[in-house]
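This report describes selected features of the structure shown below.

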Amino acid sequence: MNIPQLSIKNYQFTLTAFAFLLVMGIASFFSMPRREDPALDIPNVLVIAVYPGANPEDVESQVVDILEESVNELDDLKEVQTTIRDGVAIMEIEFNFGVDPDEKFDEVQRQVNQSRNEMPEGLYQLDVKKMSTNTVTIMQIGLVSDTADYGLLQSEAERLKREIEKVGGVRKVDVEAYPEQEVRIALNPVLMSEMGISPDDVERAIQSNNANIPGGAVKVSHKLFNVKTSGQYTSLDQIRNTVVGAYQGRIIYLKNIASVFFDFEDERWLARYNGERTVFINVQQKDGYNIYSVTDPIKEKLSRANLAGDIRLAYIFDQSEGVTERVAGFLGNLVQGILLVGVIIFLVLGLRSASLVMLAIPFSILIGLWVVDQFGFALQQMSIAGLVVALGLLVDNSIAILENIERYLTQGYSREQAAIEGTQQLIAPIASATLTTILAFIPIVMMPDTTGAFIKALPTTVIATLAASFIVAVTLTPYLASRILKEGNNGTTRKTTPLFRMLKRFVEGPYRRALEWALRHKPLTISMAVLSLVGALALFPLVGVAFFPKAEKPQFRITVQLPNGSNLDATDEAVQYVESVIDTIPDIRYYAANIGHGNPRIYYNVASENYSNTFGEVYVVLKEYDIDRFYELLGQLREAFAAYPNARIDVREFVQGPPSEAPVAIKINGTDLDKLQAYAREVENIVRSVDGTVNVDNPIRNNSTDIYFRVNRDKAMMLGVPTHVVDKTIRSFVNGTVIGKFRDKDAEDYNIAMRFDYDEQFRLDDFSRISVQSVSGRFIPLKHLTDVEFAEAPSRITHLDSERTATVLADLQKGFTLDEVVADIDRQLQQMDWEDGYSYVYKGDLESRNESFGGMGIASMMALLLILGVLIIQFKSFSQPLIIFTALPLAIIGSILALLATGINFSFTAFVGLTSLIGIAINNSIVLVDFANVMRREGAGVLEAAQQAGEVRFIPIVMTTLTTILGLLPLTLMGGSLWAPMGWTIIGGLLTSTTFVLLLVPILYVLFTKEDTGAIKA
């Protein structure tokens, strides 16, 4: 099939088809969802259990063991990690990548629901949540006031929440960081004991009087009447006048033994914005929506909101600002790359030809965007980076086609015939070259892990754009050439640009002499190339290996961790100290402090810390990002906070890449908690002693101190008091028990909480006022049945796949690589005396990197084999594809030298660049070998064919190399630490492979091609 002839003869259809594709591409560009980072729909599920008042061992035995046993029945499990603290257990369930996340979420939900009946009665919360970047908060809004109470702040926040929920694209709105109001029943234990009323009596009385049981319907004559019963409580007076028992012949009302009033629950999460009290409104976005179509209407609604008193709005986090900055930056890099590519093409080809080549860029990019949009990808850093990578490659096809068309024009062909013949002649080699480049990216798309999903949009965009560029080159470009290019007379030399003539002189002078010298000194030239490769590989350890770089945002987190057993007031004091330090720094724009909870999840790979009295977090936003000043400031803060005596205060940066526990994560396995703690302390000391570690964390470093009630079981049994009655009574008086719901006239629901009536601080002496009821109805003072003592208990228990573990975490200081730090740590760990049954394993970035690099290694091998198969089919030879493949080790030389010269580690994106080079670098070799074969078919000898191939294809090879390098240069220089490794890997690899290929491939062609085989058959 003569594709260019069809496109030219049926130009009306050609123009209509491309007009359609252009419109669809433009529509996709404006309608594609904008995101800052890729959406990761990973098959991970989070189970959160809250059991107030229980220590970690109780939570482990009564909750976690049951849940883990149930969850372990599921298929496709990869790992189950559980963290157990006072009153809280968080279980992270990771499934093998590639399974349906929704299906696995439903399976976990089903298993958890089946386990509920085995859970203790006091379990406050048991939630199952899906882990996905789509559940990241896109807007964190604060209602700020130092004078308004929580009731007013909550009321205003709920009003705004209802308005925000009306906006299309809003998935969920949460109002957080405030204590809920409740109906408090404050029991007087002394009066209860005197009147013979137990907590169970009060609970039964409240629940029986608060029931809303439909009375049914009765038929009277021809009418049907619904029967209404007394129903639920409608006022606090009704609760106060509830009959709870009788004493000395008199009815005892609840008000006789307790106070009933509205109050706030115990504070569990406090928040401040720049030091002022605040309540958060957190907004999540639905999938498939443009972030601006969600945030802009929200901002418009909030701008019209009239808030009560002195309450004001503060936008703490707005992802649309980051999207604007990120997308604008990448699009700027794309435009700059287009301009650089355009300049070199104009300088070499001239105005007419360059104009036709440049037309391929917007058409290919817009068609590629349309395809990417159909696959469901958003316009985010990965997809735009894919466009930048493809930019320098997509013009190669059009350049080759136009050069061949102009060659036919100089031979006297008409414009139309030259366009048809010139394009048809190159369709097969161009298709092969495009296919080999695409095949290098296809395995990256197929990487079966989280990292592959994170970067998937980049290779998909490259593949779509390159395929579009091939279609443009063989259809639209020949049609436009048949209308725009000038016809020439037979034998005339076409007019060239000064730069082209200069390159031609270089080819006929220095390059010809260098090639002739190389052909005369084949062993020496090959030895130089091999020694260069060996030398570069020897230098690779100096480059260093990393996983993903820092996020380079004008934001960071300060986490505050107090010793276990500390209360919320102590944590608040430490956070206030952090705030006092921050207030003195002029670089800071604003900050949001959280006490008792982590800041809401605003970054895709950082989960929010759940409720903990000993944890605080301050989210800090700077006025601007200057990398030198940023790290100087972080160093100053770390130095200042290191001197604080009562808490561990860490300064943490945001990091790119899939979620990871920490760069350094060491899991210690064993069964005995005391031994695990001892090993963890020893490992922690080792990690702290190694240069390059920072924010070293050992969660089980210290035990907590608990109050233990030792029940005298014999005495309790003799007096007729079951042990569970003692436990339940203590829990009711201390922690309180929710025994029902109260609905006011505005249909707002409040918990009815029954607890002991004490002042602001609970004192140990208060236990002496508590009595328990025996089976005979007598009340026996608690102190007669129990001994109270203080004892140490584990502060935290962690499980890995249902086995107890201890974890030591650490971040890396700037300038240190993961491998050198882990090597120093591991050398010392191997010298420790490990008992049988106790061992350690590395998790975190090291495990993720090994998995990802292993996936990239497999992807690279797949790409090599696929490309080799295509080349064997194309050249019908084994030797010539191997000659072509020499470009790959030659490219490695430049990649290593470029990374070493720029001081950049070999990271995951550098590996992506290296895999991309497999398809990009060998195209130059293909061009040389293919042209040499053409010369031999025309009767030239092997040596002459090799020389002619090098000289004739020199300028096209240099041009395609320059367009690729110039297209990547803006992203490499200004795309930040995520993209610089990939850019320099490709740029350095292309420079050395192009240089060596132009000398080495002709030599290898001469060595491995037999002269006496005659002309190669077409």
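Arginine 159 belongs to helix 5, which covers residues 150–164. The model is predicted. The relative accessibility of arginine 159 is 29%, so this residue counts as partly exposed.

Beyond its neighbours within four places in sequence, arginine 159 is in contact with Asn306 and Leu307. Alanine 305 lies 146 residues from arginine 159 along the chain, yet the C-alpha atoms of the two are separated by 9.6 Å.

## Aromatic pairs

How many aromatic pairs does a search of the whole structure find? The search returns 28. One of them joins tyrosine 577 and tyrosine 644: the ring centres are 4.5 Å apart and the planes stand at 20°, under the 30 degrees required, so this pair is classed as stacked. Tyrosine 577 is part of helix 19 (residues 568–582), whereas tyrosine 644 sits in the loop between helix 20 (627–642) and strand 19 (648–652); the pair therefore ties together parts that are 67 residues apart in sequence. With 25% relative accessibility, tyrosine 577 is partly exposed, while tyrosine 644, at 13%, is buried.

Phenylalanine 630 and tyrosine 631 form a further pair, with ring centres 5.3 Å apart. Their planes meet at 90°, so the arrangement is edge-to-face. Phenylalanine 630 is buried, with a relative accessibility of 3%; tyrosine 631 is also buried, at 17%.

Ring pairs also link several residues into a cluster, made up of Tyr679, Trp834, Tyr838, Tyr840 and Tyr842.

## Charges over rings

## Helix 25 and the residue after it

Helix 25 runs through residues 844–875 and has 32 residues. From its first C-alpha to its last, helix 25 reaches 46 Å, which is close to the 46 Å expected at 1.5 Å a residue.

Which residue takes a positive phi just after helix 25? That residue is lysine 876, with a phi of about 50°.

Methods: Residues are numbered from 1 along each chain as its sequence is written. This is a predicted model: local features need pLDDT of at least 70, side-chain atom pairs count only at pLDDT 80 or more; totals for chains, interfaces and linings use all residues. Side-chain values use heavy atoms; hydrogens and water are left out. Helices (H or I, at least four residues) and strands (E, at least two) are DSSP runs, numbered from the N terminus. The expected span of a helix is 1.5 Å times one less than its number of residues. Rings of Phe, Tyr and Trp (its six-membered ring) pair if their centres lie within 6.5 Å; planes under 30 degrees apart count as stacked, over 60 as edge-to-face and the rest as tilted. Buried means under 20% relative accessible area, exposed over 50%, partly exposed in between (1.4 Å probe, protein chains only). Contact means heavy atoms within 4.5 Å.
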